[in-house]
Amino acid sequence: MTWLKRRRCLFTLFAFSVSVSFLAAAQVAADSSSASGPVVSLLARAIHDSAIVVDTHADTPQRFLDGNFDIASTDPNDIGHISLDKAQRGNLGAEFFSIWVEPETNEGHFARHTFDLIDSVYEQAARHPDRMMMAFSVADIERAHEQHKLAALMGIEGGHSIENDIHLLRDYYRLGVRYMTLSWSNTNEWADSSGDIDDPKVQHHNGLAEFGKQVVLEMNRLGMMVDISHVSDKTFWDAIATSKAPIIASHSSARALSNAPRNMTDDMLRAVAKNGGVVDVNFSSGFLDQKYWDAAQAQAKQRNAAVQAYVEKKRASGATVTYMDEDRIEREWAAKIPRPPFSVLIDHIDHIAKVAGVEHVGLGSDFDGVSGATPQGMDSAADLPKITQALLDRGYSAEDIRKILGGNLLRVFGEVERVSREMQQK
Ligand SMILES: [Zn+2]
């Protein structure tokens with residue numbers, strides 16, 4: 001792609017112009033890594049800033065809609081992962097904001113809540129046109145990058161949002177939604193989820209039902225990326241067999257390193273490589289670190305009961321319950337488990353790059369959706385440059401780092417656009 005070449009040239013120029021003493025200073029900085037991640041050297045910063053950094057999953061719309069959060073907030077005490085300032089400090093170029101409809105509290109009006117969340121993203125972009133713009137294509141992301149604005153994209157998390165209606169799927173595309181996760185933690189009427197696959201009370205479909213396959217093909221035709229994060233293993237294999245375009249995992253990590261059912265096995269990683277897709281690593285501690293996962297499982301019963309009690313008390317008082325309420329309690333419980341070191345995040349990127357290839361791994365933070373449970377040193381989008389430093393420390397080239405930071409996702413998105421054009425010409 002043209003932008004990649006241009007950025008690489010800039011970097012080459014930069015690399016030749018650095019002095020020996022500077023390189024020595026950079027080396028000192030690179031060695032001073034700790035549990036909360038490496039100190040970012042000037043060299044790493046330059047590589048990081050030469051990339052279009054793309055993150056494929058942030059739950060910030062819950063904050064826009066229910067928390068009355070303004071993305072231009074500069075409140076130093078704000079616990080959120082994303083703001084325009086934090087994005088700027090981390091050179092975050094494009095964010096896919098998650099349109100996630102909690103299936104229990106929104107029972108009976110999934111579509112309405114989907115529209116409300118979509119509206120919340122547009123409203124933020126309208127409020128801050130000088131620093132943020134809605135984006136719907138690879139070209140839009142590149143344009144936003146040139147204008148030094150955050151490109152705001154949208155992905156729907158959970159096929160239940162379409163209410164089994166292909167017309168709604170098309171409406172969401174027209175409103176700008178550019179990926180859909182086939183299921184969230186709940187199995188819907190056409191796709192099994194990893195979240196409830198062992199629950200005998202849930203009606204399953206042995207993967208993707210016939211209508212689910214139609215949904216995938218219509219997504220291909222529209223140019224909406226097919227996202228397999230959260231789905232059951234069988235749904236993954238059905239999706240990959242059905243899709244005519246490369247697929248994405250918008251926020252999934254490696255099961256070989258943390259045995260969570262929604263992480264991906266090495267066989268799945270290899271299948272994504274063959275499909276030409278990309279797996280964007282989730283920054284949530286539980287999906288990255290086995291010890292954290294086990295500790296979170298051990299407290300699950302008590303934690304869920306505490307959340308439930310809080311929700312019921314609030315409901316009884318006549319108040320509306322939102323994700324922000326649940327998140328408050330979840331955070332208290334997450335804080336009881338020690339955060340894993342920063343290096344676990346890099347271990348997953350490295351593992352996926354080794355198993356699937358460096359062309360098939362990217363970033364899918366799950367920012368603002370993990371109740372603060374991220375590894376030490378990864379506290380917001382402002383910490384993204386540490387990833388570049390850590391990859392540099394592990395011997396990755398500047399070119400490969402730029403692929404991981406966003407180049408791979410842009411390649412897949414471009415390919416999905418091309419397949420769509422081809423299918424529409426027929
Ligand atoms: Zn998710």
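Select domain 1 and domain 2 in two colours: their centres, taken over C-alpha atoms, are 26 Å apart. The assignment gives domain 1 as 40-290 + 341-425 and domain 2 as 300-336; such bounds come from an automatic or database domain assignment. Residues are numbered from 1 along each chain as its sequence is written. The model is predicted, and local features need pLDDT of at least 70, side-chain atom pairs count only at pLDDT 80 or more, and totals for chains, interfaces and linings use all residues.

Now show where the two domains meet. Eight residues of domain 1 are in contact with eight residues of domain 2, contact being C-beta atoms, placed from the backbone, within 7 Å. On the domain 1 side, the touching residues comprise one nonpolar, five polar and two charged. In this classification Ala, Val, Leu, Ile, Met, Phe, Trp, Tyr, Cys and Pro are nonpolar, Asp, Glu, Lys and Arg are charged, and the others, Gly among them, are polar.

Colour by pLDDT next, the predictor's confidence in each residue from 0 to 100. The protein chain has a mean of 92, and 92% of its residues reach 70 or more. Select residues 1-31: pLDDT stays under 50 there, and the model has 27 contacts beyond four places in sequence for this stretch.

Move to helix α17 (residues 385-393) and helix α18 (residues 398-425). Helices (H or I, at least four residues) and strands (E, at least two) are DSSP runs, numbered from the N terminus. At what angle do α17 and α18 pack? The angle is about 145 degrees, and the axes are 10 Å apart. Axes here are lines fitted to C-alpha atoms, for helices over the stretch in contact, with angles from 0 to 180 degrees between N-to-C directions. Show side chains for Thr 388, Leu 391 and Leu 392 of α17 and for Ile 401, Ile 404 and Leu 405 of α18, which make the contact. By class these are five nonpolar, one polar and no charged residues.

Most residues other than glycine have a negative phi. Glu 163, not a glycine, has a positive phi of about 50 degrees, and Asp 368, also not a glycine, has one of about 60 degrees. Glu 163 is in the loop between β4 (150-157) and α8 (166-174); Asp 368 is in the loop between β9 (361-363) and α17. Is Asp 368 buried or exposed? Asp 368 counts as buried because it has 27 C-beta neighbours inside 10 Å, the cut-offs being 20 or more other C-beta atoms within 10 Å for buried, 12 or fewer for exposed and in between for partly exposed, with C-beta atoms placed from the backbone. Glu 163 has 17 such neighbours and so counts as partly exposed.

- Asp 294 sits in α13 (residues 290-298). It is partly exposed, with 13 other C-beta atoms within 10 Å. Its C-alpha atom is 9.4 Å from that of Ala 260, 34 residues away along the chain.
- Arg 315 sits in α14 (residues 300-316) and is partly exposed, with 13 C-beta neighbours inside 10 Å.
- Glu 142 sits in α7 (residues 138-146) and is partly exposed, with 19 C-beta neighbours inside 10 Å.
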